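Hi everyone, thanks for making time for this one. Let me put the sequence and the model up on the screen, and then we can walk through it together.

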Amino acid sequence: MTLLAARRGPGTPRPRSEDPLFDPPGPRARRRIRIATAVSLLPLVALVVFVVRQFAAHGQLAAHQWRPYTTWPILHYLLSGAGNTLLVTALAAAVAFPLGGLLALMRSSRPVVPRLVARGYTELLRALPLLVLLYLFLFGLPQLGVDLPPLWQLVIPLVLTHAAVIAELVRAGILALDPGQGEASQSLGLTHWQSMRHVIAPQAIRRLTPALVGQLVRLLKDSTLGYVVSYLELLHRARVLGEYNHTVLSAYLVAAAAFVLVNIALATVADRLERRIR
């Protein structure tokens, strides 16, 4: 039970904002939705059939195109790349998520200086393309005498960019809470930072858990820019294998399948967390 609910008492009705916005669809509406979904899927199915037929006509589905990816040396090479991708994602997430939360708290603070610093950081890093940051770390830092390994040339730009996005997500979650939460906690004697730490921020993060998992998926996909700094993550290794074996399409499809499986796993986690929260 939240502090605001405790102050309202058990007999007080819930606010209107928690009521559903729309009535659930009836049988006729559900039937129309199913028909519209089936009709909209027909062009997609036709496109998939056309693409598969074109691949088969040009020999891209021949057995020799896929045979290299059934041997252990090739699989080991790709699995090493997948491990590098997961390593980059884990390192970047371990720093970006706490940093984003800290920036959100600074942006929501009362002192002017931390608020302006956090706002300037988030506005700048959200507007600056990640690819530009990668090139700055690749070509700019060596000019200053700083030579980082490819791993950190990829991880640090990912942290800087995604921390700004996470900060805005957390700040939006804080602003979406009922203002009475802060008022109730301060009426109990908590300071602004104590209220933010023990009452407001935990509720905001709990509600934002699915969105934060989605941001983790975005971080995983952005790790494919490792080719810019010559970091051999999964997609870069698939490209090398495809060019070496003259099986570029099958190599990219194998890498795409691996990313799809990982994203499905993360999406499943997000769905379970959302159901648990509800």
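Let me begin with a term we need: a salt bridge here is a side-chain nitrogen of Lys or Arg within 4 Å of a carboxyl oxygen of Asp or Glu. In general, side chains of opposite charge can pair when their charged atoms come close. Please keep in mind that what you see is a predicted model.

With that term in hand, which residues are linked in a network of salt bridges? They are Arg-107, Glu-123, Arg-126, Glu-168 and Arg-171. The structure as a whole holds seven salt bridges.

Arg-126, at 43% relative accessibility, counts as partly exposed.

Now over to helix α10. Here Arg-218 forms a salt bridge with Asp-222, and the closest N and O atoms are 3.6 Å apart. The two are four residues apart in the helix, which means about one helical turn separates them. Arg-218 is partly exposed at 47%, whereas Asp-222 is buried at 15%. Helix α10 also holds Lys-221, which is partly exposed with a relative accessible area of 43%. The C-alpha atoms of Lys-221 and Thr-85 are separated by 9.1 Å, although these residues are 136 apart along the chain.

The largest nonpolar core has 27 residues, and Val-88, Leu-134, Leu-154 and Leu-158 touch the most other members. Two or more residues each come from α4, α6, α7, α9 and α10. Which element gives the most to this core? That is α7, with eight residues.

Last stop, the surface. Arg-28, Arg-30, Arg-31, Arg-32 and Arg-34 gather there in a patch of positive charge. Arg-34 is part of helix α2, residues 27–57, and is exposed, with a relative accessible area of 53%.

That's my tour, and I'm happy to turn the model around for anyone who wants another look.

Note on methods: Residues are numbered from 1 along each chain as its sequence is written. This is a predicted model: local features need pLDDT of at least 70, side-chain atom pairs count only at pLDDT 80 or more; totals for chains, interfaces and linings use all residues. Side-chain values use heavy atoms; hydrogens and water are left out. Patches are made of residues with over 30% relative accessible area and no salt bridge: like charges are joined within 9 Å, nonpolar side chains (Val, Leu, Ile, Met, Phe, Trp, Tyr) within 5 Å. Accessible areas come from the Shrake-Rupley method with a 1.4 Å probe; for residues, only the protein chains shown count as cover. Lys and Arg count as positive and Asp and Glu as negative; His and the chain ends are not counted. The place of a charge is taken as NZ of Lys, CZ of Arg, CG of Asp or CD of Glu. Buried means under 20% relative accessible area, exposed over 50%, partly exposed in between (1.4 Å probe, protein chains only). A nonpolar core is a set of buried Ala, Val, Leu, Ile, Met, Phe, Trp, Tyr and Cys residues joined through side-chain atoms within 4.5 Å.
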